[in-house]
Amino acid sequence: MLNVEMIHSPYGNYFIQTVLETSDSKMRENLVKDVVENIFSIANEKFSYNCVIKLLENGNKSEKKQILLKLLNPERLLTIKRNKYLLNVVVKMTNYMSKNFLKYFVDLFNNYPKLESISSILFNK
């Protein structure tokens, strides 16, 4: 739980980002677990969302997949659209999606009621 508190901290998140970049696999595994379990609260805030971005930039394929699957919950799509930090994480995630997964995500987002087209959000069209 200490990891999550530090992630939310304006200064602690810098430490967590450094750990995500440089730590051994065991320490990193515990951090990734905490991030994935609390992804919506972490990716939802100004300071802590940077830790998710750092994990996407430096994580291995398995870690990125865990984040993708947890965040792309159809029941949370409206929440993602309404929060600029969550949306920024999702836009960043598109850099790491396979073409098939990206197509699935775009279709999911575009077919969800009350949401504008994902392409207009991703590409500012």
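Me: At 11% relative accessibility, does glutamine 17 count as buried or exposed?

Reply: The general idea is to set the relative accessible area against a cut-off, and a residue under 20% is called buried. In this predicted model, glutamine 17 has a relative accessibility of 11%, so it counts as buried. Glutamine 17 belongs to helix α2, which covers residues 12-22, and, leaving aside residues up to four places away in sequence, glutamine 17 touches Asn50, Cys51 and Lys54.

Me: How many helices and strands does the protein chain have, and what share of its residues is buried?

Reply: The protein chain has ten helices and zero strands, while 42% of its 125 residues are buried. It exposes about 7300 Å², of which carbon and sulfur atoms supply 51%.

Me: Which residues of α5 are buried?

Reply: They are Tyr49, Cys51, Val52, Ile53, Lys54, Leu55 and Leu56. Because these make up seven of the ten residues of α5, the helix is largely enclosed by the rest of the structure. Tyrosine 49, for its part, counts as buried because its relative accessibility is 14%.

Me: How should I read the packing of α5 and α8, and at what angle do their axes cross?

Reply: Two packed helices are described by the angle between their axes together with the distance between those axes. Here the axes of α5 and α8 come within 10 Å and cross at roughly 5°, and the two helices are therefore roughly parallel to each other. By residue class, their contact has seven nonpolar, one polar and two charged residues.

Me: Which residues of α5 and α8 meet?

Reply: From α5 come Tyr49, Val52, Ile53, Leu56 and Glu57, and these meet Tyr85, Asn88, Val89, Lys92 and Met93 in α8. As background to such a list, an α-helix has 3.6 residues a turn, so residues three or four places apart point the same way.

Me: How many aromatic pairs does the structure hold, and which residues form them?

Reply: An aromatic pair is read from the distance between ring centres and the angle between the ring planes. The structure holds one such pair, formed by tyrosine 49 and tyrosine 85, with 5.0 Å from centre to centre and 45° between the planes, an arrangement that is tilted. Since tyrosine 49 lies in α5 (residues 49-58) and tyrosine 85 in α8 (residues 84-93), the pair ties together parts that are 36 residues apart in sequence.

Definitions and conventions. Residues numbered from 1 in each chain as written. Predicted model: local features only at pLDDT ≥ 70, side-chain atom pairs only at ≥ 80, totals over all residues. Heavy atoms only, no water. Phe/Tyr/Trp six-rings, centres within 6.5 Å; stacked < 30°, edge-to-face > 60°. Helix = DSSP H or I, 4+ residues; strand = E, 2+ residues; numbered from the N terminus. Buried < 20%, exposed > 50% of the residue type's maximum accessible area, 1.4 Å probe, protein only. Areas by Shrake-Rupley, 256 points an atom, 1.4 Å probe, with all protein chains shown as cover. Axes fitted to C-alpha atoms, helices over the stretch in contact; angles between N-to-C directions. Parallel < 35°, antiparallel > 145°, perpendicular 65-115°, else oblique. Contact = heavy atoms within 4.5 Å. Nonpolar A, V, L, I, M, F, W, Y, C, P; charged D, E, K, R; others polar.
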